[in-house]
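Subject: Structure for you to look through

Dear colleague,

I am passing on the structure below, and after it I have written out what was found. Please read the notes with the structure open beside you.

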There are 2 protein chains.
Amino acid sequence: MSSYAIGVDLGGTNLRIAAVDQSGALRERVTLGTQVKLGRDRVIGDMCDGIRRVISKYQDAHLLGIGVGIPGIIDMSTGMLRESPNLPGWADYPVHAEIERQLGTRVILENDANSAALGENWLGAAREFDDMAMLTLGTGVGGGLVLGGRIWHGMNGMAGEFGHTVVDPEGVPCGCGSRGCVEQYASATAIVRMASEAIAGGSAPSLRRAANDDPEFSAKAVYELAIQGDAAAVEIFRRVGRALGIALTSLVNGLNLPIYVIGGGASSAWDAFAPAMFEELRQRSMVYAATAPRHAGDQSASDSGKTAITRALLGSDAGLFGAARLPMIAAGV
Amino acid sequence: MSSYAIGVDLGGTNLRIAAVDQSGALRERVTLGTQVKLGRDRVIGDMCDGIRRVISKYQDAHLLGIGVGIPGIIDMSTGMLRESPNLPGWADYPVHAEIERQLGTRVILENDANSAALGENWLGAAREFDDMAMLTLGTGVGGGLVLGGRIWHGMNGMAGEFGHTVVDPEGVPCGCGSRGCVEQYASATAIVRMASEAIAGGSAPSLRRAANDDPEFSAKAVYELAIQGDAAAVEIFRRVGRALGIALTSLVNGLNLPIYVIGGGASSAWDAFAPAMFEELRQRSMVYAATAPRHAGDQSASDSGKTAITRALLGSDAGLFGAARLPMIAAGV
């Protein structure tokens, strides 16, 4: 390995650090817990220690740079975190400057959903395309837009917040201040909330049993009931798919991209929500209707000129690879 | 004038042809009626005759090229019109090839709303910006996206259809096949429809009188009542503003552009709909809330890093100037 980059994915639970070479091969990976409760100084200290440890092993190779994906909206002009629900107390903290100070080198900070989009564009589901958008269905719904192989940041680095596309103007209140954002219907959090609502409504006996049996009742449990055909669970994923279809309609009509990638933990429930998503898209989006591949989800090269809506390929590594890609792009390699 | 371009704005009512120099100065303008009822061959023939007449007057100057803005979705790969409600019978006709055949020279065909966006970017409200989006409130709601000074076409030339951003998933059916598109609340057509609904509901005596007195009752008449304080008319423009605010929320959160321009005939009612639009945006869009200028609509240079939502400046000439700009961009001047 002659040259490599460090990618970091700083999540609310896991802190992952990797050394990745220019071909996209993962040379080393370190996974630490993110000690959010011990405060940001501890988390940043752990991260910088981990980065230094990895770098020390590759002293013969050329370090192209360090990219860090972080949950929250980053003001690119100041390097401040604007909002970061998963990192309480980090808002308005000069996280970028602090990391650079501790490491004594330039670091590229990026929103985690943007990093994931770049990772899928570099090595994943959208690797054959220059332009793509990604929705990451996790605790919230993150988004990233890649145009010409680069993250589209917009004016202040706040672009790509597709999770806050309005799908129901009078719908469920969202933490962002709006109502009816797609995040309120298609995130893992929303799936659990809709399950709780169904249980409270008294019409979801299987969901009730599953929730009672499992203290960590999750979107995955709802999905497992849905694939077994439980009506209440099926209906929840129909709502997930419908919300995604409405959000994608606005995106597809506005941007006419060749590919939209859906990732994040809750995208594992693809089989349960995709039929309603594609149905909604076909009915609503004239651009999709004019460009839909014969088989939904198909993005093979023979379908050029078609719109692919497809699952992510890199799983939870997308953000790690995307973060490592950032310094490579900056270095022009 | 050493060199110039021809811009054509082919509307459902007027066919306008202009000679524009590189500085954006309009050297000549010809306005003809669009004889839609006499068929597309007649309209294309009239247009080509008009273009030849203008060119013949400038034989000493260098013609950079010809740009034609046309209502409808153009498949850029084939030059076919996909949909064009204002030009019945033109769909799936090789309009691009036919114009080039008649003129014996290369012509750049563009969607009219994209041309208008480019015009406002070149010489109008967004002239200080590289990136901008435009909504054109006319018979429908057109949209155009300009990134890096060029129209963002997307994969097939269908991008920028912001008029079909979903603002109410169970709302008014739209000609595009969806429901609740912003076009159904913010176009001139929608304003007249909402007025008719209010009249039919029996709660709009002034609107009823205005409609009875005026066989060509229009959005302008509704606006005139609104600025006089008529409650039913005020409520209609509140709905216009609210729909625009919801659509802009999804756009601003997704793209984080420095400026969004609102043009088209119905944008003359700015005073009536803008307050509700800005109120909705401030409440709903976290990106707008973080970047709103102190004074709504302000886009002065001192407000760099702020999001401007502002009125178009070029009126009905935006599309004509934008069409003339197309061959200049292609020629790299």
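In this predicted model, A:Glu280 forms a salt bridge with A:Arg242, their closest N and O atoms being 3.6 Å apart; a salt bridge here is a side-chain nitrogen of Lys or Arg within 4 Å of a carboxyl oxygen of Asp or Glu. The pair links distant parts of the chain, since A:Glu280 lies in helix H9 of chain A and A:Arg242 in helix H8 of chain A, 38 residues apart. Helices are DSSP runs of H or I with at least four residues, strands are runs of E with at least two, and both are numbered from the N terminus. A:Glu280 counts as buried at 10% relative accessibility, whereas A:Arg242 is partly exposed at 21% (buried means under 20% relative accessible area, exposed over 50%, and partly exposed in between, with a 1.4 Å probe and protein chains only).

A few words on conventions: residues are numbered from 1 along each chain as its sequence is written, while chains are lettered from A and ligands numbered from 1 in the order in which they are written. Local features need pLDDT of at least 70, side-chain atom pairs count only at pLDDT 80 or more, totals for chains, interfaces and linings use all residues, and side-chain values use heavy atoms, with hydrogens and water left out.

In chain B, B:Glu280 forms a salt bridge with B:Arg284, with the closest N and O atoms 2.7 Å apart, and both residues lie in helix H9 (residues 270-284) of chain B, four residues apart, which is about one turn of the helix. B:Glu280 is buried, with a relative accessible area of 11%, and B:Arg284 is buried as well, at 5%. Salt bridges that share partners join A:Glu170, B:Arg242, B:Glu280 and B:Arg284 into one network. Over all chains, the structure holds 29 salt bridges.

How are the two chains related? A rotation of 180° with 0.0 Å of shift along its axis superposes chain B on chain A, with an RMSD of 0.0 Å (by least squares on the C-alpha atoms of residues with pLDDT of at least 70 in both copies). The two copies are thus related as by a two-fold rotation axis, and of the residues of chain B, B:Asp168 comes closest to that axis, its C-alpha lying at 3.0 Å.
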